[in-house]
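Please load the model in a viewer and keep the selection panel at hand.

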Amino acid sequence: MHAHDHDHPPELNRRDFLRLAGASVALAGLDGCSRMPAEHILPYVDSRPELTPGIGSYYATAMSVDGYATGLIVESHEGRPTKIEGNPAHPASLGAAGPIELASVLQLYDPDRGKSARVGSEQVQWERVAANLAPAALRSRVGGRGSGLHLLIEPTSSLLDEELLASVLTAHPDARIYMYSPMLGDGATDAAVQQYDIANADVIVAIDSDFLSTAPFHLRYARQFADNRRLARPTDAMNRLYVVESTFSSTGSAADHRFAVRPREVTTVLRWLLTSVINGDAKTEAPAWIAAIARDLRAHQGRSLVIVGDAQPASIRALGDAINDAIGASGKTTWYTTSPLVGHHVPVHKLADLVGAMDAREVDTLIVIGGNPSYATPRALGFSSLMRAVPNSGYLGLYENETARDARWFVPMSHYLERWGDARAYDGTVSIVQPLVNPLYRSIAPPELYATLAGTSNGGARSYDLLRASWTRRTSGDAETAWSDALQRGVTADAPMSRVAAPTTFPSDTNPFEGTAFEVIYLADPKIHDGSFANNGWLQELPAPLTQLTWGNAGLISPATAHRLNVSDGDIIKLSSGQRALELPALVVPGHADDTVSVHFGYGRTGSESAARDVGADAYALWPAVGARSEAITVTRTGAAQALALAQTQSTGAGRDPVHRATLDAYRASPSSVGQRSGRVLSLYPEAKPPDSNTALQWAMTIDLTTCIGCGACVVGCQSENNIPVIGASEVRNGRSMQWMHVERYFADNGADAAMQPMLCQHCENAPCEYVCPVGATVHSSDGLNEMVYNRCVGTRFCSNNCPYKVRHFNWFDYNKHLSETELMVKNPNVTVRERGVMEKCTFCVQRIREAEIAAGRDGRAPRGTDVQTACQQACPTNAIVFGSLTEPSSEMMRRRNQPRSFAALAELGTEPRVRYLARIRNANPEIHDSR
Amino acid sequence: MTTVPLRRARGDNPVPTAFPAPPDASVLRFDGSDRALTDQLLAPLRGTGVVWWVLFAVSAAGTAVFAFSCWWTVAKGIGAWGNNIPVAWAFAITNFVWWIGIGHAGTFISAFLLLLNQHWRASINRVAEAMTIFALMNAGLFPILHLGRPWFFYWLIPYPATMGVWPNFKSALPWDIAAVTTYLTVSLLFWYAGLVPDLATARDWLDSRLARRIYGIFALGWRGTSTAWRQHRVAMVLLAALATPLVVSVHSVVSLDFAIAQLPGWHSTIFPPYFVVGAIYSGFAMVLLLILPLRHAYRLEQVITERHLDAMAKLTLTMALMLTYAYVVESFVAWYTHDIPERFTYLFERPFGTYAVLFWIMITCNVVVPQVFWWKRNRTSVGVLLAASGAILVGMWLERFIIIVTSLHRDFLPASWHIYRPTWVDFGLLFGSVGFFGFLFLLFVRFVPFIAISEVKRLRHDLGENGGREIGLPHA
Amino acid sequence: MPALFPRWSNTVARGSLLAIVVIVCGVILGLMLWVRTSYATGQHASIAQPVPFDHRIHAHALQIDCRYCHATVEQTASAGVPPTAACVGCHNSVWLQSAPFAPVRASLSSLRPIAWQRVNALPDFVFFDHSIHVAKGVGCETCHGRVDRMARVEQAAPLSMGWCLSCHRNPTPNLRPRSEIVAMGWDAAHTSPADDSARIRLQHEYGVRSLTSCTTCHR
């Protein structure tokens with residue numbers, strides 16, 4: 001009975017792994033069929049107050065993406081981090097976390113990570129490498145002033161890094177430092193960055209900007225955006241968002257008006273908008289909708305905002321600045337600050353300069369720290385071959401990836417959960433990065449490499465000591481207290497970056513590539529970003545917002561374009577421009593700009609990362625140049641086809657409209673018409689009496705579809721909390737997705753709008769699944785949960801057939817069978833790991849509920865609904881999900897539930913779900929009728 | 001038991017007096033001695049021809065495929081099938097319902113018709129009963145194989161467990177198990193009880209001492225005393241009375257596996273009668289498919305007469321009409337409810353949706369084809385009967401597939417819709433089970449008197465007493 | 001011709017008919033009885049430990065409070081098995097150098113834990129929490145028996161789901177004042193009707209409910 005499949009965990013965590021073995025060992029023990037296998041108890045040799053077996057501990061740290069930090073709180077069990085959560089005290093998180101942050105804990109345990117240093121193909125100790133990097137040793141190669149030494153670093157905002165890089169330059173004055181990431185492009189070295197205050201913007205125009213789900217600081221923006229559209233009462237004020245974009249983004253789905261335009265039209269739109277804003281209602285050739293937006297912007301002088309995506313060239317973003325000046329936004333809802341990234345005390349250069357130097361054979365020693373330039377650069381640059389030509393090249397990275405393959409020597413880099421450091425948020429707030437575990441492999445952190453290069457260490461320096469030293473240097477007053485305080489709060493007292501004037505760039509007046517048939521637009525992937533997270537199963541299997549695509553990328557096109565090209569989902573199309581070409585499957589997305597193909601970066605990896613290898617197509621192969629957002633392209637149909645791993649195969653509601661939608665005006669006009677259409681359905685059985693405060697807590701959830709932006713954070717948060725397995729592309733194609741939370745997406749028939757509906761077990765009071773289960777493996781608890789008892793389930797799957805929401809998932813195979821020892825470590829010890837052949841589904845995080853009850857019981861008090869947060873609720877950037885008890889009328893959950901726009905999914909079936917949705921209200925501008 | 005007294009001619013057991021109702025001469029046109037009849041009916045026990053061996057080899061291969069597919073499923077998990085969410089049930093349950101349905105004809109013919117004094121059943125009931133048992137053996141396998149954790153199947157049976165919990169009696173599945181096992185037990189008893197006298201006949205008729213011993217053991221010492229015959233008769237009637245309600249109850253319970261769900265396409269009050277009719281329908285088709293070759297191979301035209309074929313065809317036509325009625329009512333009710341999902345499933349998805357082709361094949365096989373039986377020529381033409389019953393069996397399998405899969409793959413929330421595609425294991429199990437069925441049936445034909453000799457003889461004597469005049473049922 | 005069967009075969013025939021019935025029923029009944037035996041449940045099995053720790057001496061003779069070693073029983077799910085340091089706390093002066101203490105010394109020097117044998121093992125899908133049971137007035141003795149009389153600790157209860165449920169369905173008879181949580185033999189000494197009413201009072205005082213929802217233990 002497969003009892004031994006995962007019964008051999010590492011000794012140290014034995015007691016937790018017994019729980020892992022859960023379902024399967026269980027089989028042997030069930031109903032006393034056979035005796036329990038002999039087990040050992042391994043106590044600690046020495047008692048550790050901070051390490052009580054069975055109690056999770058929480059530490060504050062921070063994770064950086066493209067150098068911008070997000071403050072996190074990490075849950076740890078017996079010394080192994082298992083769950084990431086947002087840090088409420090951190091400005092970039094406000095308690096929320098995005099898919100990438102949430103999934104980063106899985107990356108820590110990734111068995112494909114680089115495990116030891118090597119020179120050539122010979123495995124060596126880091127100290128061996130360090131010996132050759134000492135200034136003395138190095139000068140013999142790179143010259144007395146180090147002119148041959150070149151460092152390519154991934155963007156970092158670490159003050160420690162900046163200090164140490166400065167000291168490297170003291171040792172090698174002529175050495176050069178370059179900073180590059182594909183998504184920041186040359187922006188990485190910009191002196192100033194643009195900040196936004198969404199909280200005080202009543203009217204927002206986002207132009208080619210996915211500021212709610214992929215831009216830096218997006219978690220904060222999303223929270224601020226949602227807070228201004230909660231609509232506790234129909235009469236409440238609500239902000240308004242216009243989105244102008246080519247690719248349907250999460251931000252686009254949150255928009256009140258969305259306009260799909262071709263990339264090259266962005267400039268035109270901006271210029272029209274600028275003229276309309278300046279000339280007021282004076283006659284302009286601008287279309288009506290732009291004029292209307294302009295009026296709306298001017299009507300909210302100082303409380304409106306135009307956001308132009310970072311990916312747009314400076315000359316075009318300057319148009320946005322001009323508009324913001326005209327509507328009084330500059331200085332109020334948007335301003336510039338100095339960049340939080342390094343480069344203020346050390347000169348950092350652009351990638352182009354490095355390529356030039358390599359071309360000119362000026363580079364003797366190239367050390368790449370983080371990033372993956374051999375992969376994540378325009379293939380046309382030929383970085384890979386140039387790097388191979390460098391006499392002495394080294395790479396410090398997480399994986400033996402494409403870059404490692406081009407480097408003479410490789411040193412594994414510590415994951416951020418394994419190392420000490422510091423980092424700035426987008427606004428400059430400083431956080432301490434503290435490790436949760438010692439490095440799993442023989443890895444080092446960048447500061448240790450820098451110290452070695454600077455000669456202040458012979459490779460032995462630990463980043464903790466370096467950090468403490470730097471901390472004491474820069475902290476005035478009691479460094480110790482400040483330190484412990486910083487560790488506890490996760491943020492330091494350091495002031496954010498100071499405001500500076502907007503960079504002076506002349507607005508673009510040119511219209512790129514006129515009159516081309518097709519354009520391609522290059523985008524950061526909402527899940528795996530630039531490819532750095534491509535080996536993360538949780539992210540690969542997360543259905544992409546709107547497309548619902550998992551395990552790969554596709555050429556996104558509009559229905560009209562699909563018709564014109566005569567292709568449908570999965571047909572391989574070929575994008576080509578000159579020598580560059582890319583073949584990938586097409587995917588039709590309603591609401592996409594016509595004659596435009598969207599391609600996401602990060603796929604088609606060829607490194608040693610087994611999960612990422614050969615998944616999707618490599619957009620960098622087609623990318624013309626660093627910073628290019630779009631270009632003219634020829635698109636041809638190859639005739640080949642490939643099945644896409646789509647988590648949802650229907651695009652619209654098929655006339656059933658599962659999501660209630662209305663405009664704000666309609667809602668205000670008649671609130672009752674928006675919410676529940678039928679009241680409690682008549683039943684032959686006596687009415688269950690509504691729960692009151694005397695009964696046990698009655699758990700329930702309310703989800704606001706007005707503020708849900710479909711980012712998928714809830715899905716990953718749930719996957720992490722509940723030990724949900726990764727099943728791979730083919731199983732997703734077979735329709736066997738295991739995620740308990742699925743953000744379902746319904747396009748309006750004209751594609752103008754897309755509604756998101758997070759679908760999880762609805763915990764019906766009259767649950768259809770319960771009465772059909774022959775063994776009572778799914779039953780109702782006294783506190784209103786629809787319980788799923790894995791160890792009782794025999795797997796008839798009748799429950800799933802009878803579940804109208806299809807939120808039950810079946811273990812078709814033993815999906816945990818082939819997990820590596822390290823991958824087992826990420827499992828939550830408080831949740832059973834499900835065995836082959838049993839059903840599973842959302843439990844409302846019952847393990848958290850029961851633990852809260854037990855804690856309350858120990859303190860001799862009654863548990864409160866507010867004691868428990870579900871994983872999805874915790875992750876949600878927009879607070880769209882609230883959880884609580886029906887017995888507490890004053891709770892936020894109940895206040896939302898009692899709104900007139902609340903409704904139950906498929907209410908007509910009389911299942912009486914405990915999950916209620918709030919109708920999707922859009923603050924439409926009455927002057928605009930043609931959302932495109 | 002001691003020796004068999006020599007004064008009685010071998011294989012010539014005394015026969016008790018007839019039923020009250022006089023039979024119809026057209027059901028038996030055998031003109032030879034009882035001895036000759038015995039010889040002909042027992043002939044296969046002495047060995048069979050090359051055709052049997054060929055068929056046996058084929059069915060044995062099928063059985064091997066079946067065994068392998070089962071092993072594969074249990075070893076790898078249900079994931080080896082094409083099932084998914086939403087389509088959590090598919091081939092296996094289709095096969096289960098199909099086989100159970102086929103089983104029904106046996107009991108219907110032997111028990112139901114026995115109580116109704118339909119004499120013509122005498123010459124085909126043994127085959128029908130055997131078919132029932134083999135079909136049930138197949139059917140019983142699928143629900144267990146279909147479990148995610150088959151090794152815990154016994155949790156569906158109510159017994160005092162140390163866990164202190166019981167099965168959920170609200171669910172149809174525990175009742176399913178009860179129904180099927182009861183049905184199997186009763187059918188087995190009924191079949192065997194009827195078989196005993198013929199086994200005795202075989203015992204006395206065969207030459208090889210070993211063979212006689214073996215048959216002797218299974219004959220349970222039957223000596224054919226008049227007392228024995230009287231008690232045997234009583235026992236048979238009692239068992240028949242026991243079995244008859246099962247004809248109705250078992251498939252009604254099976255239909256509840258679907259009807260208690262709220263799924264559009266399942267949630268329907270017409271299911272129990274609809275399923276029972278469908279079951280008997282497919283059962284008759286299978287009986288025809290089995291007896292016609294036998295009749296030809298063993299020259300049984302005088303025992304299985306055109307009268308039988310005619311009667312069977314008429315019953316088949318009747319069932320077809322009742323089934324058609326059910327189809328119409330289902331769709332009408334769906335339209336009448338104004339319920340969007342209901343209308344979608346019945347009025348769009350089935351006739352025009354993903355699996356529309358299968359739907360129209362089903363309609364052709366189950367509704368159109370049997371209409372040929374309005375003409376007597378077709379009712380008695382072996383070719384037509386074979387073709388029609390083959391079509392009906394296919395149609396009935398498709399009917400269950402469509403009920404299950406089309407309802408599931410597009411139910412309430414469009415976001416959860418997903419197509420279903422079977423894998424080789426699914427087909428392995430379907431065709432394998434057919435092979436297994438054939439395997440068992442061929443063995444039965446070879447080693448067991450597949451025509452109820454004693455009953456046929458009894459019938460003969462009744463006819464004799466009636467001077468062979470044709471009375472009773474009006475001749476069609 | 002000779003008889004096909006000897007006379008005794010009649011008896012055999014009748015016998016075998018009976019035998020079939022008996023065997024079928026017997027096997028089923030047998031299995032159902034077997035799973036209730038202590039062999040199947042592992043009850044009272046004597047399990048050797050790396051160190052011959054005798055609870056009679058520590059819990060009875062020396063009257064050491066259970067919580068001295070099982071320190072986390074009031075705070076966490078697991079009662080806690082003492083770290084080697086805890087043993088040495090007392091034993092560095094006595095016995096430490098003796099032969100039976102070899103594993104302890106080894107553990108101290110190598111900093112590797114002593115591998116105790118688990119006595120009360122629950123299936124891994126069962127989430128049992130000591131702290132809440134103690135907080136609600138269920139004594140150690142109630143489940144673990146008279147540990148103070150065990151040379152080698154043995155599993156006192158069947159630990160079957162039915163056994164858990166019997167108390168979860170009606171907890172009252174197993175309650176005792178929190179002050180008596182670690183007391184041994186307390187139940188035997190308190191069986192009078194008066195004590196029953198006292199237990200009912202405790203039930204209200206401690207807010208003890210009958211928890212039979214599956215997720216109480218299975219998550």
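**Tour of an interdomain contact**

Select domain 2 and domain 3 of chain A: four salt bridges are counted between them, a salt bridge being a side-chain nitrogen of Lys or Arg within 4 Å of a carboxyl oxygen of Asp or Glu. This is a predicted model, in which local features need pLDDT of at least 70, side-chain atom pairs count only at pLDDT 80 or more, and totals for chains, interfaces and linings use all residues. Residues are numbered from 1 along each chain as its sequence is written, chains are lettered from A, and side-chain values use heavy atoms, without hydrogens and water.

Next, select R262(A) and D595(A), which form a salt bridge with their closest N and O atoms 3.8 Å apart. On the side of domain 2 of chain A that touches domain 3 of chain A, the elements giving two or more residues are α7 (250-254) and β12 (257-260) of chain A; helices (H or I, at least four residues) and strands (E, at least two) are DSSP runs, numbered from the N terminus.

Now display the two domains as surfaces. Domain 2 and domain 3 of chain A bury about 1,400 Å² between them, 58% of it on carbon and sulfur atoms; buried area is the accessible area (1.4 Å probe) lost on putting two parts together, summed over both.

Finally, colour chain A by domain, with bounds from an automatic or database domain assignment: domain 2 covers 193-338 and domain 3 covers 518-641. Their centres, taken over C-alpha atoms, are 27 Å apart. With the whole of chain A in view, 27 helices and 41 strands can be traced, and the C-alpha atoms fill a box of roughly 90 × 85 × 65 Å along the principal axes.
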